[in-house]
Amino acid sequence: MTANTMTKPTRPVNSAPSIIGSDVTIKGNITTVGEIQLDGAVEGDVRSSSLTIGEHGSVQGVVTAEEVVVKGQIKGQIKGRNIRLEKTAKVNGDLFHETLSVEAGAFIEGSLTHKNNAMQDSAPTLKTAETKPTDIKQPGQKTA
């Protein structure tokens, strides 16, 4: 494809949600312009327009979606326009949201950050210090 023919994918009209069953484990990232109903486990990032994590569903990674409903577990960041945590939700990670709804009984360990454009990369980048190899001397070794 050339740069002129490449366009942002749009959500298919009248498409059914993708359902990930409770007996499914996915190791890797999932990206779709549609809807996902997740009752299984994902070890990776999930990006969609709408994501519902069922009571037995879990994600270990970054969740990015316009609409996020959590009934299960997430270990990682959630970035969403509208986030709803139901009473069975357990979240270990930071939430970046425009609107947030939390039912009594939901567990959250992390920070909550209101952002006008929560879908964009929200986490600050960390600069790592450049390290130089160190010389380790063995007992009885002489230096040059």
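My entries go from confidence and fold to the core and then the salt bridges.

**Ground rules.** I am working with a predicted model, in which local features need pLDDT of at least 70, side-chain atom pairs count only at pLDDT 80 or more, and totals for chains, interfaces and linings use all residues. I number residues from 1 along each chain as its sequence is written, and side-chain values use heavy atoms, with hydrogens and water left out.

**Confidence.** I looked up pLDDT, the predictor's confidence in each residue, from 0 to 100. The chain averages 83, and 74% of the residues score at least 70. I flagged residues 1-8, where pLDDT is below 50 and the stretch has one contact beyond near neighbours in sequence; contact here means heavy atoms within 4.5 Å. Residues 122-136 also have pLDDT below 50, with five contacts beyond near neighbours in sequence. Where pLDDT is low, predicted coordinates should not be read in detail.

**Fold.** I counted elements as DSSP runs numbered from the N terminus: helices are H or I, at least four residues, and strands are E, at least two. The chain has zero helices and 14 strands. I then checked how far contacts reach: among those between residues at least 6 apart in sequence, 7% join residues at least 24 apart.

**Surface.** I took accessible areas from the Shrake-Rupley method with a 1.4 Å probe, where for residues only the protein chains shown count as cover. The accessible surface of the chain is about 9,800 Å², and 49% of it belongs to carbon and sulfur atoms. Of the 144 residues, 31% are buried. For the record, buried means under 20% relative accessible area, exposed over 50%, and partly exposed in between (1.4 Å probe, protein chains only).

**Core.** Which residues have the most contacts inside the largest nonpolar core? I found L38, L51, V59, V70, I78 and L85, in a core of 21 residues. Such a core is a set of buried Ala, Val, Leu, Ile, Met, Phe, Trp, Tyr and Cys residues joined through side-chain atoms within 4.5 Å. At least two core residues come from each of β4 (35-38), β6 (46-53), β8 (63-70) and β10 (78-85). The largest share, four residues, is supplied by β8. In soluble globular proteins, nonpolar side chains tend to be buried together.

I looked around V59 next. Leaving aside neighbours within four places in sequence, V59 touches L38, V42, G44, V46, I53, Q73, I74 and K75.

**Salt bridges.** I searched the whole structure and got three, each a side-chain nitrogen of Lys or Arg within 4 Å of a carboxyl oxygen of Asp or Glu.

E66 pairs with R81, with the closest N and O atoms 2.1 Å apart. This pair links strand β8 to strand β10, across 15 residues. E66 is partly exposed at 27% relative accessibility, and R81 is partly exposed at 30%.

R81 also meets E98 in a salt bridge (3.2 Å, N to O). R81 lies in strand β10 and E98 in strand β12 (residues 95-102), so this pair ties together parts 17 residues apart in sequence. E98 is partly exposed too, at 21%. I noted that E66, R81 and E98 are linked in a network of salt bridges.
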